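Me: Hi! Could you walk me through a few features of this structure?
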Amino acid sequence: MSLVKHYVRINQLVGSRSLTASGVRNYRVTIDGKTLVETAPADTLLTELYKTHVGDYSKFYKMDPLCRVGFMASELLLTAEDCRQKQWGESRGVVLFNATSSLADDRNYQATIDDSETAFPSPSLFVYTLPNVLTGEIAIRNHYYGETNFVVLPEFDSNTMSAIIEMTFCDKYLQSLVTGWVDCYDETNYNVLMFIVERDVTGHSTELSQEIKILTEK
Amino acid sequence: MVVKLADNIISPLGVTTKENYEAVKAGRTALCQHEGVPGIPIPFFASLIDESVLTVEGDYTKFERMCIQSVASAIQQCDIDVASERVLFIVSTTKANVSMLGRSGCDNDRVLPGVAARKIAEYFSNRQMPLVVSNACISGVCAQIEALRALELGLCDYAVVVGADVQSPFIVTGFQSLKAVSAEACRPFDRDRKGLNLGEAAATVVYGREATADNRWQMVCGAVRNDANHISGPSRTGEGSYLALRSVLQHIDASEVAFVSAHGTATLYNDEMESIAVERAGLIDTPVGSLKGYYGHTMGAAGVLETLLSMYAVDDHTVLGTRGFENLGVSHPISVCAENRVTNRNSFIKLISGFGGCNAAAAFRKGGAR
Amino acid sequence: MEELILKLKNEIIEVLNLEDIKPEDIDENAPLFGEGLALDSIDALELIVLMEKNYGIKIKDPNEGKDIFKSVAVMAEYISKNRTK
């Protein structure tokens, strides 16, 4: 019996296929272990996924790199779950982790203020300079009113993630959680393992940590 | 139960919680006009820490030095071995060392908040994985909620929660571009409010698990809820803040609440939203206050700083006045007052909200019984 | 004016990341906010930046923007009267 109910993995291919001929990283997308995209270059992958699997949420184009990759992963994950019509209210939350915080957008915003004489700080870039805006985007899209939180760690650590996931279920309203690792260094360098866990994870964070570890090694 | 063992606040108003409380009670503010700051062409009103008060030496940034000094000051008050694997460090920050992000890009990995947090924990010889709660403006309350849970589940024996943020051209120009800042001292809940001021502070609270609270402060409960509405605009129905308050009020009775320490940033929409949430939660008669007129918005520190000052206020039978407030300018008649008021109640609720649509509420009670 | 309107439409599409929209999809007389393009408060702030950056027009109070950003035609009219670059 698995504690992870559904999962989406977006990660760079290893070995000879890790880069395209022009040096762009190549990615693979899997849902519940099944391959959705065998190989695709990082720079076009997310918009291609959006066009194929979403298409009607133009806010996607306004999102920063972290939100684009996290949002697309959540769309694929929730389509796999197949409960999109359900009214979740406060029973579902979103808690995500990474090591790079909002670095990708931080750099893009910084570029708009670098030369203070001619600077035009961009409000639309500034609002994305917080990683938890991603949890907000997922909550808005799916009408989740439960807990949303973003925890930055020095590095990927399944034990810490599992402990925090279990801690989140101390909230008695919470029945399930969209959670996982969404790291984004820049537009072409990201790494995602996003999954759903339910209340039965309580008391089993050690087992959950093992499951997460196995999924990232796949 | 989870009780507070020690605390500290470092701000322009003082380097201990007591100094800060006395300054606020006396009505002092650290907000003033700043002009000619490199990288910030437009003058701004803010509360900034003079680096001369920071005494930590070594290769540390202003953010790290603020955190280290605040934690060091707090743990001096309690007898715990912070190097122990049973001590969890939780850092609450929105932008940490973002000012290290210069033209040259990112050549120092301490721009990553987790790396900075590890540097802080390692100063105290703590080798456990530190957590950085980065949940926008509500981080300081979220971090305390994580501490409460970790202690209740027995995942640690002590939790050191430190909240801090340093103002920089990155943050100041960003808020200016959002047209969210006031060119003068902010006026929470006032009809003439024109926006927020930014501020710098570091605040630390150490929590532990005890069989009884005795005469100490107990963290009773906390809840985090999302508006599911907009990434930067507060909900027009106060949804998330209302739901968070409703959850908290299942563990604490409104009749024992001395006051709600609100977010009260003095932006048009935040304060209006909070008045709606407070009304919906049935707290319309409970005193409501904001401390932003003394410190501005201290971001990652706010949730911790405002919780600690609220504890000291209740200890002193006081509801702190809302500096800058004059005439109520929100649609629900919440009970805000510019002057300090007297209270004999022993509990309070901290309410806070932030970008990403997140909202948090937490309840604190002095002593074990009602 | 027609030239300015077309230029403005292209600039709006670019700064607001309206990937799916072409200049001819925007009716210059239709309201910019509230329908059609699904723009929000952050888009309005980004339009304020556009006005200053491209036309040298400073808008201090976002409320002023409400009148100026009524439609692309109104924006163009305002720009032609007030531009400093």
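This is a predicted model: local features need pLDDT of at least 70, side-chain atom pairs count only at pLDDT 80 or more; totals for chains, interfaces and linings use all residues.

Me: Great. In what order do the strands of the open sheet in chain B run?
Reply: The order is β2-β3-β7 in chain B, and the pairing in this open sheet of 3 strands is mixed.

Me: Which strands stand at the edges?
Reply: Those are β2 (32-34) and β7 (198-199) of chain B; each has a single partner strand, so one side of each has no neighbour in the sheet.

Me: And in which sense do β3(B) and β7(B) pair, parallel or antiparallel?
Reply: Parallel, over 2 bridges, with β3 covering residues 44-47 of chain B. In one of these strands, β7(B), B:Gly199 is the bridge partner of B:Ser47.

Me: Switching topic: how many residues of helix α5 of chain B are buried?
Reply: Helix α5(B), residues 169-177, has 8 of its 9 residues buried. Among them are B:Phe170, B:Ile171, B:Val172 and B:Phe175.

Me: What covers them?
Reply: The cover includes α3 (103-113) and α4 (123-126) of chain A, α2 (41-55) of chain C, and β3 and β7 of chain B. After α5(B) comes B:Lys179, with a positive phi near 55°.

Me: Nice. At what angle do α1 and α2 of chain A cross?
Reply: Roughly 35°, with the axes of α1(A) (residues 42-53) and α2(A) (residues 65-81) coming within 10 Å. The crossing of α1(A) and α2(A) is left-handed.

Me: Which residues meet there?
Reply: From α1(A), A:Leu46, A:Thr47, A:Leu49, A:Tyr50 and A:His53 meet A:Arg68, A:Val69, A:Met72 and A:Leu76 of α2(A). This contact divides into 6 nonpolar, 2 polar and 1 charged.

How values were computed
Residues are numbered from 1 along each chain as its sequence is written. Chains are lettered from A and ligands numbered from 1 in the order in which they are written. Side-chain values use heavy atoms; hydrogens and water are left out. Two strands pair if DSSP finds at least two bridges between them. Helices (H or I, at least four residues) and strands (E, at least two) are DSSP runs, numbered from the N terminus. Buried means under 20% relative accessible area, exposed over 50%, partly exposed in between (1.4 Å probe, protein chains only). Contact means heavy atoms within 4.5 Å. Axes are lines fitted to C-alpha atoms, for helices over the stretch in contact, and angles run from 0 to 180 degrees between N-to-C directions. A crossing is left-handed if the near helix is turned anticlockwise from the far one by less than a right angle, and right-handed if clockwise. Ala, Val, Leu, Ile, Met, Phe, Trp, Tyr, Cys and Pro count as nonpolar, Asp, Glu, Lys and Arg as charged, and the others, Gly among them, as polar.
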